[in-house]
Amino acid sequence: MIIKKFTGNTMREAMNNVKEALGSDAIILKSEKVASGGIFDFSETKYIYEVTAAVDKTPVPAFEKKKFDDMLEKNKSTATQDLEKNKKYFNKETPNDNDYIKEIENKFKILDLKSDLEKIENKLDKMSDHIKYNEMPNLPDSLVPYYIKLKESGVDEKINKEIMMHIYMKLKGSDFDDLTLVKDSVISEIYKKLDVAPLEDRSEFAGPQKIALVGPTGVGKTTTLAKMAFNKKIFGNKKVAMITADTYRIAAVEQLKTYSRITNIPLEVVYKPEQMRSALLKFDSYDYILIDTAGRSQKNVEQMAELKRIVVEGSITDLCLVLSLNTKDKDLDDIIKRFSSVGFNRIIFTKLDETSGFGSALNIFEKTKIPVSFYTFGQNVPDDIECATKEELTKLLLNPELMNNKLR
C-alpha cells in the first residue's frame, strides 16, 4: 500500500492532487487545515489544506485507468462483459497493459463488486459535500447534513455558521457520534433564534382589540384577513368585525363583502383615514376588529404617510406586517426597513406554498426580533392558515418538503 500526503491552497486543489497522483481508487485517510489558531476558525486567514491518502497498488498509467473508469461508469451492472468486449480498447502489444486487464478480471472474480461500488459512492458523496461546502472543511461529519440543509433552505451564511459554531463549542469528542444528541442540539439552536407569539386575548380591557394588516402589494393581505376572521380556531366564538381601507382595489372590497354576506361577519368600508374612528365606534361592542389596508409601496413616501395616519386614527392594538416568503431577501430587507416607521409589532408570513426554502423566516427574526403570529400556505379560506409555532417552523427549515403534506 502506498500512503502519501498532498497539499493545496484549497481543499479542492488538494483533492485534485490526490486524484492526479493516485487515481480515483485512492482512499482519503485524513484531511485538515495546516495552520495555527484551532480547527474551528471563521476568520479570513488563508490556510494550506493537507490530505493524507492511500492506494493499495501501484498506480496504473492515467491514460489506461481513465479508459477503464469511463467504461465502468457507463454500465456498472455489466462491467465484466463490457471489459471483455472492449479489450481492444487497450494496447495489446504492451505486456503491462495485458497484465492490467488480467488484474482487473481477477478483481471482479474475488470481490463483491456491488458492495465495493456502494462504499466508494458513499465516500465520494461525503467528499463532494466537504468540497462543495468547503467554507467549513473541519465541521464534524454528523453536523454537515444540517449545515447543508440550512444553507440550501436559504439561511444566511453568517447565521448558519453561528448555529454550527455554538453546537461545536457545546458538544465534545464522542458527542458528535450520538446522532440524536446532534439533532436535538441543532433544533435547540434554531429555537433560540425563532420568536413566535399568538394574538393576545385582551378581553379584560375595555373596548375591542384592533388588529391591522399592512404590507406591500401582492402579499395576500385581504385573503389573509378573511382567513383570520372566518377561522374558528383563531377567535373561537368571539365577536369579530371587519374594516377595509383598501379602496384602491375594487376587487378587494368586493371580496370582503362576499365573505361578509356568507358568514354574517359585518364589514365597514373606510375611504379616508379620518373616517376610521367613526367606523370603529360602530363595532365598539365587538371583541376583535380586523382592519385591511391597501398595499403600499415601501418606496412611496406619500403612501407610507397615509398608512401612518390610518394607524394613528385607528389606535391599532396589533399591527401585523404581512410578508411573502417567495420574496427575495434583498427586497424583504427593504420592506422591513421602510415599514419599520409604521411601528409593526407582529409578522405574518404568506405564500409558504410558493417557495422551496424557509430560511428567509430565520433571517427576518434575526434582523427584526419581532415575533410571527401566523403563516398561510394557499388560497383556501379559511383553512390555509395556522398559528405559528417554533416546532413547525423548525421542521420546515430542516425539511421544506413537509409543506407538501399541508397542500394535500
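Predicted model: local features only at pLDDT ≥ 70, side-chain atom pairs only at ≥ 80, totals over all residues.
Local features need pLDDT of at least 70 and side-chain atom pairs count only at pLDDT 80 or more, while totals for chains, interfaces and linings use all residues. Residues are numbered from 1 along each chain as its sequence is written, and side-chain values use heavy atoms, with hydrogens and water left out.

The chain has 17 helices and eleven strands; these are DSSP runs numbered from the N terminus, where helices are H or I with at least four residues and strands are E with at least two. Of its 408 residues, 44% are buried (under 20% relative accessible area, with exposed over 50% and partly exposed in between; 1.4 Å probe, protein chains only). Among contacts (heavy atoms within 4.5 Å) with a separation of 6 or more, 70% join residues 24 or more positions apart. The chain exposes about 22,000 Å², and carbon and sulfur atoms supply 50% of that area. Accessible areas come from the Shrake-Rupley method with a 1.4 Å probe; for residues, only the protein chains shown count as cover.

Helix H6 covers residues 144-153, and its buried residues include Val144, Tyr146 and Ser153. Just after H6 comes Gly154, with a positive phi of about 105 degrees.

Glu366 belongs to helix H15, residues 359-368. Glu366 has a relative accessible area of 24%, so it counts as partly exposed. Beyond its neighbours within four places in sequence, Glu366 contacts Ile159, Glu162 and Lys193. Lys193 is 173 residues away along the chain, yet the two C-alpha atoms are separated by 6.5 Å. The side chains of Glu366 and Lys193 also make a polar contact at 3.5 Å (a pair of N or O atoms within 3.5 Å; within protein, one must be able to donate a hydrogen and the other to accept it, and residues adjacent in sequence count only if both atoms are side-chain atoms).
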